[in-house]
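Subject: Structure for your review

Dear colleague,

Please find below the structure I am handing over to you. My notes on what was found in it follow directly after.

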Amino acid sequence: QEQLVESGGGLVQPGGSLRLSCAASGSIFRINVMGWYRQAPGKQRELVAFITVGGSTTYADSVKGRFTISRDNTKNTVYLQMNSLKPEDTAVYYCNSIPSGPWGQGTQVTVSA
């Protein structure tokens, strides 16, 4: 059964950092581009970063230079290091393959003073 489990979210002050993790089942992870998405209240879900099996990365302009996506192919895990966080980064963060399959529960990130 395909499964995605996100973790690492929390409450952080503006300018702070968080590291998100996503454990994926092997069937999702091995052959797929993996991405981090986010959905803020009242907004559509958006793709913020993705990484190929070979490690090439792409970022949305809104997070470029602040977020870093990485993956450990031996652990079927993808990470999102988030630095210099802003209040507008507040959202539920999800990982998924591209194209996306079934969604996990996500992890809440709140950036507030």
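**Contacts of T107**

Leaving aside residues up to four places away in sequence, T107 touches E6, S7, G8, G9, L20, A91, V92 and Y93. Please bear in mind throughout that this is a predicted model. T107 belongs to strand β10, which covers residues 107-111. Its side chain reaches the backbone nitrogen of G9 at 3.0 Å. With a relative accessible area of 9%, T107 is buried, because the cut-off for that class is under 20%.

Strand β4 (residues 33-39) and strand β5 (residues 46-51) run antiparallel and are joined by five bridges. Within this pairing, Y37 has L47 of β5 as its bridge partner. Six residues lie between the two strands of this hairpin, and among them G42 takes a positive phi near 75 degrees.

β5 also pairs with strand β6 (residues 57-59), again in the antiparallel sense, over three bridges. Here F50 stands opposite T58 in β6. The hairpin of β5 and β6 has five residues between the strands, and G55 in the turn has a positive phi of about 100 degrees.

**Backbone geometry in the loops**

Where does the model contain a cis peptide bond? Such a bond joins I98 and P99, with omega at about 0 degrees. P99 is located in the loop between β9 (91-98) and β10.

N76 has a positive phi, near 50 degrees, without being a glycine. The residue lies in the loop between β7 (67-72) and β8 (77-82). N76 counts as buried, since its relative accessibility of 19% falls under the 20% cut-off. S84, likewise not a glycine, has a positive phi of about 50 degrees. S84 is placed in the loop between β8 and β9, and with a relative accessible area of 41% S84 is partly exposed.

**The nonpolar core**

Which residues have the most contacts inside the largest nonpolar core? They are W36, I69, V78, L80, M82 and Y93, in a core of 27 residues. At least two residues of this core are supplied by each of β3 (18-24), β4, β5, β7, β8, β9 and β10. The largest share, four residues, comes from β3. As general background, nonpolar side chains in soluble globular proteins tend to be buried together. Y93, one of the core residues listed above, is also among the residues that T107 touches.

**Salt bridges**

The structure holds four salt bridges. In one of them, the side chains of R38 and E46 meet at 2.7 Å, N to O. R38 counts as buried at 6% relative accessibility, whereas E46, at 34%, counts as partly exposed.

The side chains of D61 and K64 meet in another salt bridge, at 3.1 Å, N to O. Both D61 and K64 are exposed.

D89 forms a salt bridge with R66, and the closest N and O atoms are 2.7 Å apart. D89 lies in the loop between β8 and β9 and R66 in the loop between β6 and β7, so this pair ties together parts that are 23 residues apart in sequence. D89 and R66 are both buried.

Salt bridges link R38, E46, R66 and D89 in a network.

Finally, P14 is found in the loop between β2 (10-12) and β3. Is P14 buried or partly exposed? A relative accessible area of 42% makes P14 partly exposed, because this value lies between the cut-offs of 20% and 50%. Not counting residues up to four places away in sequence, P14 touches L85, P87, V111, S112 and A113. P14 and G106 are 92 residues apart in sequence, and the distance between them in space is 21 Å, C-alpha to C-alpha.

With kind regards

Note on methods: Residues are numbered from 1 along each chain as its sequence is written. This is a predicted model: local features need pLDDT of at least 70, side-chain atom pairs count only at pLDDT 80 or more; totals for chains, interfaces and linings use all residues. Side-chain values use heavy atoms; hydrogens and water are left out. Buried means under 20% relative accessible area, exposed over 50%, partly exposed in between (1.4 Å probe, protein chains only). A polar contact is a pair of N or O atoms within 3.5 Å; within protein, one must be able to donate a hydrogen and the other to accept it, and residues adjacent in sequence count only if both atoms are side-chain atoms. Contact means heavy atoms within 4.5 Å. Two strands pair if DSSP finds at least two bridges between them. A nonpolar core is a set of buried Ala, Val, Leu, Ile, Met, Phe, Trp, Tyr and Cys residues joined through side-chain atoms within 4.5 Å.
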